[in-house]
Amino acid sequence: MASCGHSWSWPVTPEVRALGLGVAALRYASLGYAVLPLEPGGKKPHGMLGDTGGVHLASRDPRVVRAWWSAHPAANIGVPTGLVNQLVVVDLDTKGGYDGPGNFERLRAERGWALPADLAIARTPGDGWHSWFRLPPQASWCPEKPAITAGVDIKGDGGYIAVPPSGRMVHLADSESSRSEEIPVAYEWVTGCPCSPPAAPGWLPGWMAEKRAASPDVPVRQRGTGDDDDLTDIAWRCVHARDDDLKTQKDKQLIPHGKRNEVLYRAGCILMLKHRNEGAAWSRLVAINDTMTAGPLGKRELNVLFRSAAGWSWGRIAELNQVWTASLEATRSLGL
Ligand SMILES: [Zn+2]
């Protein structure tokens, strides 16, 4: 059992019998993850989702999750990676003779990349490893880009993974008796818990950006082009700048002059979602306006912009609260 007290196996009660893996799917939803049903014992999106949509139909609404697994209790559980779940997963594979774990260790040693001490790692039935990392809420750099090096994939936007306690049929061949059979093997959490994956270490976004730049079929984003993601990136950096950097005004040019309104609006939204408190968000936004652009907006103009950002944010916060409350109720009713 992880130190948070979450166990990922359940006693077989009538409820568990009826919902099957849905009990765990509801737990993921209550932790804030959107989930989707996968084929029983498999990795493809479940047929009940129809031909289109797949991973994009993932939901964290407990009513939806309950309905899916009531109909198909044996469905495996999929969790989309990327911005939708603020999740990036390093997938280390040992299939096909790859030494994913070894290759990843060598790459890390070469580049001097540290890992957090409190990893959240699930073992896959194929003797692979999924290491979970939390993305910052407004990250915009998370493309699906598999095969970083042999046996090492990064799962980002558009991707998904099967999660514990889903099962897979694994082919076992016994060379002595020349018998072969398929047995079900479960994904399992070996360390940490999805309730608290560590934040993505600083080198990870850099690494992904590098891979994105090196890939001919993915357009490379130029800094300062002023497209939406770029502005959100800048706003994110403003919000998370160190207090010292604000004091020394080290980033006086960070916000492009012609894009002050757009960036400050985004920063206001990020601050509101972070603090859920107008006073705290406003004072930080004032500091950002004063120190991170060469020509700060006037206070009155900034306040109008902040009112509008706060209005949007309260709506979003209410939605999030609703989802959380509903998830918690559903989970409580299961006695989990
Ligand atoms: Zn936990």
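Tutor: Helices (H or I, at least four residues) and strands (E, at least two) are DSSP runs, numbered from the N terminus. The model is predicted: local features need pLDDT of at least 70, side-chain atom pairs count only at pLDDT 80 or more, and totals for chains, interfaces and linings use all residues. Residue numbers start from 1 along each chain, as its sequence is written.

Student: Which helix holds arginine 316?

Tutor: The protein has ten helices and eleven strands. Arginine 316 sits in helix α10 (residues 299–333).

Student: Is arginine 316 buried, exposed or partly exposed?

Tutor: Count C-beta atoms, placed from the backbone: 20 or more others within 10 Å of a residue's own make it buried, 12 or fewer exposed, and anything in between partly exposed. Arginine 316 has 13 such neighbours inside 10 Å, so the residue is partly exposed.

Student: How far apart in space are arginine 316 and leucine 273?

Tutor: In sequence, 43 residues separate them. From C-alpha to C-alpha, the distance is 8.2 Å.

Student: At what angle do α8 and α9 cross?

Tutor: Two packed helices are described by the angle between their axes and the distance between the axes. Axes here are lines fitted to C-alpha atoms, for helices over the stretch in contact, with angles from 0 to 180 degrees between N-to-C directions. The axes of helix α8 (residues 260–275) and α9 come within 9 Å, and they cross at roughly 145 degrees.

Student: Which residues of α9 make the contact with α8?

Tutor: Residues are in contact if their C-beta atoms, placed from the backbone, lie within 7 Å. On α8 the contact uses Leu264, Ala267, Gly268, Leu271, Met272 and His275. On α9 it uses Ala280, Ala281, Arg284, Leu285, Ile288 and Asn289.

Student: What is the bridge partner of leucine 36 in β2?

Tutor: β1 and strand β2 (residues 76–80) run antiparallel and share three bridges. In β2, leucine 36 is partnered by glycine 78.

Student: Which residues form the uncovered face of β4?

Tutor: In a regular strand the side chains alternate between the two faces of the sheet. In strand β4 (residues 120–123), Ala120 and Ala122 form the covered face. The uncovered face is Ile121 and Arg123.

Student: What is the bridge partner of alanine 122 in β11?

Tutor: Strand β5 (residues 129–134) pairs antiparallel with β4 over four bridges, and there alanine 122 is partnered by histidine 130. Strand β11 (residues 188–191) also runs antiparallel to β4, with three bridges. In β11, the partner of alanine 122 is tryptophan 189.

Student: Which residue in the hairpin of β4 and β5 takes a positive phi?

Tutor: Five residues lie between the two strands. The residue with a positive phi near 60 degrees is aspartate 127.

Definitions and conventions. Contact = placed C-beta atoms within 7 Å. Pairing = 2+ DSSP bridges.
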